[in-house]
Amino acid sequence: MQALGPIVLLAVAGFLVGGVAATWKTARLAAVVLGVLAVLAGAGGIAWLL
């Protein structure tokens, strides 16, 4: 059950990257915020795996 956390964080990062791609042309500020959150979620997931 402990290995589920990093997988969830990496999945959330993937959804956030999709949100960046979807909002880039219409709302750049929201896309940048989503991008920052995606990087944090991805880094957290990878750090948790290590």
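Reader: What percentage of the 50 residues count as buried here?
Author: Of the 50 residues in the protein chain, 22% count as buried. Keep in mind that this is a predicted model.

Reader: Good to know. How many helices and strands are there?
Author: The protein chain has two helices and zero strands. Helix α1 covers residues 4–23, and helix α2 covers residues 28–49.

Reader: And what box do the C-alpha atoms fill?
Author: Along the principal axes, the C-alpha atoms fill a box of roughly 40 × 15 × 10 Å.

Reader: How do the axes of α1 and α2 cross?
Author: They cross at roughly 160 degrees, and the axes come within 8 Å. An angle over 145 counts as roughly antiparallel, so α1 and α2 are roughly antiparallel to each other.

Reader: Left-handed or right-handed crossing?
Author: The crossing of α1 and α2 is left-handed. As for the residues of that contact, 17 are nonpolar, seven are polar and one is charged.

Reader: Nice. What share of the contacts with a separation of 6 or more comes from residues 24 or more positions apart?
Author: That share is 57% in the protein chain.

Reader: What about isoleucine 7, buried or exposed?
Author: Isoleucine 7 belongs to helix α1. It has 53% relative accessibility, so it counts as exposed, the cut-off being over 50%. From isoleucine 7 to glycine 42 is 9.7 Å, C-alpha to C-alpha, while the two are 35 residues apart in sequence.

Reader: Switching topic: where does tryptophan 24 lie?
Author: Tryptophan 24 is in the loop between α1 and α2. Its relative accessibility is 37%, so tryptophan 24 counts as partly exposed.

Reader: Which residues is tryptophan 24 in contact with, leaving aside neighbours within four places in sequence?
Author: Those are Ala31 and Val32. Leucine 34 is 10 residues along the chain from tryptophan 24, and their C-alpha atoms are separated by 9.9 Å.

Reader: Last one, I promise: what does the accessible surface of the protein chain come to?
Author: The accessible surface is about 3600 Å², and 80% of that belongs to carbon and sulfur atoms.

Reader: Great, thanks a lot!

Note on methods. Residues numbered from 1 in each chain as written. Predicted model: local features only at pLDDT ≥ 70, side-chain atom pairs only at ≥ 80, totals over all residues. Heavy atoms only, no water. Helix = DSSP H or I, 4+ residues; strand = E, 2+ residues; numbered from the N terminus. Buried < 20%, exposed > 50% of the residue type's maximum accessible area, 1.4 Å probe, protein only. Contact = heavy atoms within 4.5 Å. Areas by Shrake-Rupley, 256 points an atom, 1.4 Å probe, with all protein chains shown as cover. Axes fitted to C-alpha atoms, helices over the stretch in contact; angles between N-to-C directions. Parallel < 35°, antiparallel > 145°, perpendicular 65-115°, else oblique. Left-handed = near helix turned anticlockwise from the far one by under 90°. Nonpolar A, V, L, I, M, F, W, Y, C, P; charged D, E, K, R; others polar.
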